[in-house]
Amino acid sequence: MTLRELREILHRRGRLSSRNEALDEISKLLFAHIMSIADGSDGINSKTMSKNRDASWTEAVALKAFVDRVFQ
């Protein structure tokens, strides 16, 4: 239920053209979170986002940078 609601929110408010794209983005976030924890980090949380955030970044930019780092 929660993932479905999140998918709908991303589709309605995001710049994604389909619900499937929203689901893809959710999958990336979950994968990055799990892989970060598996590597001994804290995953996605406010502490991690603030620690890895440039002062000029929005939360979305910081989250994207986190996901990009995990995928490398």
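## Helix packing

At what angle do helix α2 and helix α4 pack, and how many Å apart are their axes? The model is predicted. In this model, α2 covers residues 19-38 and α4 covers residues 59-71. They pack at an angle of about 60°. Their axes lie 9 Å apart.

Angles of 65 to 115 degrees would count as roughly perpendicular, and those under 35 degrees as roughly parallel. The pair α2 and α4 is therefore oblique. The crossing of these two helices is left-handed.

## The contact between α2 and α4

From α2, the contact uses Lys28, Leu29, Phe31, Ala32, Met35 and Ser36. From α4 come Leu63, Phe66, Val67, Val70 and Phe71.

Sorted by class, the residues in this contact are 9 nonpolar, 1 polar and 1 charged.

## Overall fold

The protein chain has 4 helices and 0 strands. Along the sequence, the pattern reads α-α-α-α. The C-alpha trace spans about 30 × 30 × 20 Å along its principal axes.

Take the contacts between residues at least 6 apart in the sequence of the protein chain. Of these, 26% join residues at least 24 apart.

## Burial and surface

The protein chain has 72 residues, and 18% of them are buried. Here, buried means under 20% relative accessible area.

The chain exposes about 5,500 Å². Carbon and sulfur atoms supply 54% of that area.

Methods
Residues are numbered from 1 along each chain as its sequence is written. This is a predicted model: local features need pLDDT of at least 70, side-chain atom pairs count only at pLDDT 80 or more; totals for chains, interfaces and linings use all residues. Side-chain values use heavy atoms; hydrogens and water are left out. Axes are lines fitted to C-alpha atoms, for helices over the stretch in contact, and angles run from 0 to 180 degrees between N-to-C directions. Angles under 35 degrees count as roughly parallel, over 145 as roughly antiparallel, 65 to 115 as roughly perpendicular and the rest as oblique. A crossing is left-handed if the near helix is turned anticlockwise from the far one by less than a right angle, and right-handed if clockwise. Contact means heavy atoms within 4.5 Å. Ala, Val, Leu, Ile, Met, Phe, Trp, Tyr, Cys and Pro count as nonpolar, Asp, Glu, Lys and Arg as charged, and the others, Gly among them, as polar. Buried means under 20% relative accessible area, exposed over 50%, partly exposed in between (1.4 Å probe, protein chains only). Accessible areas come from the Shrake-Rupley method with a 1.4 Å probe; for residues, only the protein chains shown count as cover.
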